[in-house]
Amino acid sequence: MALLVLTWLPDWPARLGPFPGHMLRHMVLVAVAAPLIVLGWPALSRLAPSIMVAVVLEAVIVWSAHLPQLHAATRLAPHALVMEQALFLIAGLAVWSGALHAGSALAGAGGLLLTSMHMTMLGTILILAPSDIYAAFCGTAPDLHGQQIGGILMLAIGTPIYLLAGLWLSGRALQGSRA
């Protein structure tokens, strides 16, 4: 809960810039807070869909939220931002519950590695885009540097967390197969 408070009480968009601050909140919700909540509240796994359903749900939510029109809505309307962030947390909880409590550690690892791959691809698109994807839709001055920092945050936070957790679950699966 303290992590969620630290995610929301400071005005990260004002401190880091609109896009990097927004991305920091996204990544803390899906890659840091969600697994900690699942680890601290294992009963949540009873509500989780299968890992592959959760991965697809999470990918649809993440990619949809980064469409220029939907991103602009969250930057311009507080209720849209709250809905987006709630969906990110729900999707993160579904993925981590499904992965950490899947019937098979290997299935959980596969789900986390797929999630890492699509997030890495989106972060790379944000970094390598030749211009600001969102400025025209948000009615703001172009900020390619801010968009690139947001993509770097996505890669720096999400990629190692999902990758390491996926490798840890793979290790568990391999140890289980030896027993």
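**Figure 1. Lining of the largest pocket in the predicted model.** The residues that line this pocket are I61, S64, A65, L70, A73, T74, A80, M83, E84, L87 and F88. Helix 4 (51-65), helix 5 (68-76) and helix 6 (78-100) are the elements that each contribute two or more residues to the lining. Helix 6 supplies the largest share, with five residues. Sorted by class, the lining comprises eight nonpolar, two polar and one charged residues. The space in the largest pocket amounts to about 200 Å³.

**Figure 2. Packing of helix 5 against helix 6.** The axes of helix 5 and helix 6 lie 5 Å apart and form an angle of about 115°. On the helix 5 side, the contact involves A73, T74 and L76, which meet P78, A80, L81 and E84 of helix 6. Five nonpolar residues, one polar and one charged make up this contact. Among the contact residues, A73 and T74 of helix 5 also line the largest pocket, as do A80 and E84 of helix 6.

**Figure 3. The largest nonpolar core.** This core contains 41 residues, of which M27, V30, F88, W96, L112, Y162 and L169 touch the most other members. Two or more core residues come from each of helix 3 (18-40), helix 4, helix 6, helix 7 (105-128) and helix 9 (144-178). The greatest contribution, eleven residues, is that of helix 3. F88, named here as a core residue, also belongs to the lining of the largest pocket.

**Figure 4. Surroundings of Y162.** With neighbours within four places in sequence set aside, Y162 contacts V30, A31, V95, W96, L112, L113, T115, S116 and M119. Of these partners, V30, W96 and L112 are, like Y162, among the core residues that touch the most other members.

How values were computed
Residues are numbered from 1 along each chain as its sequence is written. This is a predicted model: local features need pLDDT of at least 70, side-chain atom pairs count only at pLDDT 80 or more; totals for chains, interfaces and linings use all residues. Side-chain values use heavy atoms; hydrogens and water are left out. On a 1 Å grid over the protein atoms alone, a cavity is a set of points where a 1.4 Å probe fits but cannot get out, and a pocket is an open set with protein on both sides within 12 Å along at least five of seven lines; lining residues have an atom within 4 Å of a point. Grid points are joined across faces, edges and corners, and a volume is the space filled by probe spheres set on the points. Helices (H or I, at least four residues) and strands (E, at least two) are DSSP runs, numbered from the N terminus. Ala, Val, Leu, Ile, Met, Phe, Trp, Tyr, Cys and Pro count as nonpolar, Asp, Glu, Lys and Arg as charged, and the others, Gly among them, as polar. Axes are lines fitted to C-alpha atoms, for helices over the stretch in contact, and angles run from 0 to 180 degrees between N-to-C directions. Contact means heavy atoms within 4.5 Å. A nonpolar core is a set of buried Ala, Val, Leu, Ile, Met, Phe, Trp, Tyr and Cys residues joined through side-chain atoms within 4.5 Å. Buried means under 20% relative accessible area, exposed over 50%, partly exposed in between (1.4 Å probe, protein chains only).
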